[in-house]
There are 2 protein chains.
Amino acid sequence: MQNSEAMALSAALLATAGELTQRINEGVVARGFEGIRPAHGFAFARLAPDGATVTELAVHLGVTKQAASQLVDEIVRRGYAERRPHPRDARARLIVLTERGWACTRAAEAAAAEVVRGWGDVLGEREVRALWDCLSRIAPYGPLRPSW
Amino acid sequence: MQNSEAMALSAALLATAGELTQRINEGVVARGFEGIRPAHGFAFARLAPDGATVTELAVHLGVTKQAASQLVDEIVRRGYAERRPHPRDARARLIVLTERGWACTRAAEAAAAEVVRGWGDVLGEREVRALWDCLSRIAPYGPLRPSW
DNA sequence: GGCAGATGGTCAAGTAGGTTGACTATATAG
DNA sequence: CTATATAGTCAACCTACTTGACCATCTGCC
């Protein structure tokens, strides 16, 4: 594959990612969750299963723990999460989603599904699954980083 | 497709996009072009064919023209582009890439090709082309926006 | 048990990249 | 020729992040 083709593929991927992010965020806001930025969604994804500490969140998001702490302040202030004492470590606090936080997460999933459904209309269900399969195999495991 | 599946697909796409952006940027820096951020690359893409005005660049990047003007200041100061009088409009200036700007663009293409080659090792050339095809069909035309 | 160093978290100050608002110069419509 | 729209810049501010300093608590080792 030529360099210019690789660049065209990259551009298509990044444009699609940007559009997806924006539309998920719009969908979440449209469902009544205000003061939410895309970064919050990625935090929610890490908090969802069992909660996490600020430091774990910072690693996941690829930012300093100070920045993560500040982000937690925001989502706590808006009622999406709460800080609880950590069961094993008195220094740490376990950040867990509130019911409102879970509702917001479900709203994000619904918004994502809406966008993906649009892709299905263009590509067909079969190709969307093929796309998912390809991306799963090349997606990195590390921290989520902003696209630019 | 279930909501949770759509979210998993979205997460894979965004993680891949973030990784791609980061690695292209690292590749460009490794090739000796310093003081470059990912946003500059997207500006270069718009400037490459025939140049563009600050306002056109602002629309392409999805930012205010003041922000675009500031970004142009940076790439001009670093020798990647220059401001010329616009051939048809004395108010406007045409921003065009310098030879160094073109070299940087080629470096970005080479870096992108390197990443895509890694995908080829995992998926096979055939699947990478299928991925490209899918993404081309769902990628939006509008301004490029940051993923978050 | 007790001490030294590592780790979790926060506070404070600084920075970078964006925004809004105001302004000048030039273009365009009537 | 005048009135309005557009290209670009300057200045002030805002927000999300960084670095540096600090305290509380955990862990390894004597």
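Tutor: Angles under 35 degrees count as roughly parallel, over 145 as roughly antiparallel, 65 to 115 as roughly perpendicular and the rest as oblique. Please note that the model is a predicted one.

Student: How are H1(B) and H5(B) oriented to each other?

Tutor: The axes of helix H1 (residues 3-30) and helix H5 (residues 99-123) of chain B come within 8 Å and cross at roughly 135 degrees. Values from 65 to 115 would be roughly perpendicular and those over 145 roughly antiparallel. H1(B) and H5(B) are therefore oblique.

Student: How are H2(B) and H4(B) oriented to each other?

Tutor: In chain B, the axes of helix H2 (residues 38-47) and helix H4 (residues 65-77) come within 11 Å, crossing at roughly 90 degrees. The range from 65 to 115 degrees counts as roughly perpendicular. H2(B) and H4(B) are therefore roughly perpendicular.

Student: How many residues in the contact of H2(B) with H4(B) are nonpolar?

Tutor: On H2(B) the contact involves B:Ala39, B:His40, B:Ala43, B:Phe44 and B:Leu47, which meet B:Leu71, B:Glu74 and B:Ile75 of H4(B). By class, one is polar, one is charged and the nonpolar residues number six.

Student: In chain A, which residues of H3(A) does H2(A) meet?

Tutor: H2(A) and helix H3 (residues 54-61) of chain A pack at about 125 degrees with axes 10 Å apart, which makes H2(A) oblique to H3(A). The crossing is right-handed. H2(A) contributes A:Ala39, A:Phe42, A:Ala43, A:Arg46 and A:Leu47, and the residues they meet in H3(A) are A:Glu56, A:Leu57, A:His60 and A:Leu61.

Student: What pattern does the secondary structure of chain A follow along the sequence?

Tutor: Chain A comes to six helices and two strands. Read along the sequence, the pattern is α-α-α-α-β-β-α-α.

Student: What relation holds between chain A and chain B?

Tutor: Chain B is laid on chain A with an RMSD of 0.0 Å by a turn of 180 degrees and a shift of 0.0 Å along the axis. Such a relation is that of a two-fold axis.

Student: Through which surface do the copies meet?

Tutor: The interface residues of chain B may be checked against those of chain A, and 100% of them are also interface residues there. The copies therefore meet through the same surface.

Student: Is the pair of A:Phe33 and A:Tyr80 stacked, edge-to-face or tilted?

Tutor: Over all chains the structure holds four aromatic pairs. The ring centres of A:Phe33 and A:Tyr80 are 6.3 Å apart and the planes lie at 45 degrees, so the pair is tilted.

Student: How many residues apart are A:Phe33 and A:Tyr80?

Tutor: The pair links distant parts of the chain. A:Phe33 is in the loop between helix H1 (3-30) and helix H2 (38-47) of chain A, and A:Tyr80 is in the loop between helix H4 (65-77) and strand S1 (81-85) of chain A. Their separation is 47 residues.

Methods: Residues are numbered from 1 along each chain as its sequence is written. Chains are lettered from A and ligands numbered from 1 in the order in which they are written. This is a predicted model: local features need pLDDT of at least 70, side-chain atom pairs count only at pLDDT 80 or more; totals for chains, interfaces and linings use all residues. Side-chain values use heavy atoms; hydrogens and water are left out. Axes are lines fitted to C-alpha atoms, for helices over the stretch in contact, and angles run from 0 to 180 degrees between N-to-C directions. Helices (H or I, at least four residues) and strands (E, at least two) are DSSP runs, numbered from the N terminus. Copies are superposed by least squares on the C-alpha atoms of residues with pLDDT of at least 70 in both. Contact means heavy atoms within 4.5 Å. Rings of Phe, Tyr and Trp (its six-membered ring) pair if their centres lie within 6.5 Å; planes under 30 degrees apart count as stacked, over 60 as edge-to-face and the rest as tilted. A crossing is left-handed if the near helix is turned anticlockwise from the far one by less than a right angle, and right-handed if clockwise. Ala, Val, Leu, Ile, Met, Phe, Trp, Tyr, Cys and Pro count as nonpolar, Asp, Glu, Lys and Arg as charged, and the others, Gly among them, as polar.
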